[in-house]
Amino acid sequence: MSILCQKQGILTTIQDLGRFGFRRFGINPTGVMDTAASRLINILLGNDENEAVLEIHFPAGEYLFEEDAVIAIGGADFSAELNGTVCRSWQIHHAVEGSVLRFKKRASGNRSYLAVKGGFAVDKWLSSSSTNLAAHCGGFQGRSIKKGDSIPLHLKSTANAERELSLASFVIPYYRSIPAVRIIAGAEFESLTAVSQENLLKRNFEISADSNRMGFRLKGKPLFRLSSGEIISSAVSFGTLQLLPNGQIIVLMADHQTSGGYPRIGHVITRDLPLLSQLGSGDKVGFQLVSIYEAESLLEEFENDLQMLKVGVRLANLQ
């Protein structure tokens, strides 16, 4: 059982939630940019939430189902169509053998996700299915999906195998083009001048065209530190805000390096990373400072929602 790529997209890769435990060797986690979307659609399908998905950018590819499959789409709205019929996000669809999935236009967001019941049958590298494009490892032959690729699936699903469940609106991320993303203070936040701290928290920053899965370069009012001295290279993570020598900010994303020597002025909270991850060139973002306690509380609330969703899916499929 497999999905055939009939038309190549600009960047489509196999990703799961990431490759962890190897940073001490300089191996970055990679993984999906929008973890909320990936987890939600996998749970909806009854998959393990870490099951691999296709991360799709626009212009997107075109996919032929060579056998019956049960699918769900989440994240950005690329106006998906299954055999010419609208294929709505955040709900289960049945793709019978010979069905073709197309993405017609980008309505909102920048990364869409396709999950399949049972997941993709790709080899793991260091316990993860995520594609590391720099190392050419993991995912589908360590590279993006190209025309003619046949991506194998784990499980054959009959057209009536699953109920057509959909997600309640309150668990779906509220994507927008100018989000107020919450951050906690970084180790070097206090080294910013008072004016720069105020500019960081009260002004919007634009996503530069020179952005990718490794990091988003932001354009805005330059920020300055009280001292221009260098710092020792230290660990960084998905969502770290680094201050560049020119006063601009780069926010590290899923393919970030394991350490860096630029000042860490903040860290995007886990709960808001999906909002940031759906931004693209020309979009703007603002930052709001919160406490670690508030960041943990927001994450705990979302994790509780996911647990309730898992229970709801199991109960629905028992009926």
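## A polar contact at Asp-34

A polar contact is a pair of N or O atoms within 3.5 Å, and within protein one of the two must be able to donate a hydrogen and the other to accept it. In this predicted model, the backbone nitrogen of Ala-37 lies 3.0 Å from a polar atom of the Asp-34 side chain.

Asp-34 is found in the loop that runs between β2 (12-15) and α1. Leaving aside residues up to four places away in sequence, Asp-34 touches Gly-75, Tyr-113, Tyr-175, Pro-274, Ser-277 and Gln-278.

## Charge around Asp-34

Is Asp-34 buried or exposed? Asp-34 is buried, and it has no salt bridge. The nearest side chain of opposite charge belongs to Arg-271, 8.0 Å away. A salt bridge needs a side-chain nitrogen of Lys or Arg within 4 Å of a carboxyl oxygen of Asp or Glu.

## Helix α4

Helix α4 covers residues 292-318, 27 residues in total. From its first C-alpha to its last it reaches 40 Å, close to the 39 Å expected at 1.5 Å a residue.

Which residues of α4 are buried? They are Ala-295, Leu-298, Phe-302, Leu-306, Leu-309, Val-313 and Ala-316. The buried residues of this helix pack against α1 (35-45) and β12 (180-185).

## Cysteines

How many disulfides does a search of the whole structure find? The search finds 0. Cys-5 is in no disulfide, and the nearest cysteine sulfur, that of Cys-87, is 17 Å away. A disulfide would need two cysteine sulfur atoms within 2.5 Å.

Cys-5 is buried, with a relative accessible area of 2%. Cys-137 is partly exposed, at 22%.

Notes. Residues numbered from 1 in each chain as written. Predicted model: local features only at pLDDT ≥ 70, side-chain atom pairs only at ≥ 80, totals over all residues. Heavy atoms only, no water. Helix = DSSP H or I, 4+ residues; strand = E, 2+ residues; numbered from the N terminus. Expected span 1.5 Å × (residues − 1). Buried < 20%, exposed > 50% of the residue type's maximum accessible area, 1.4 Å probe, protein only. Contact = heavy atoms within 4.5 Å. Lys, Arg positive; Asp, Glu negative; His and termini not counted.
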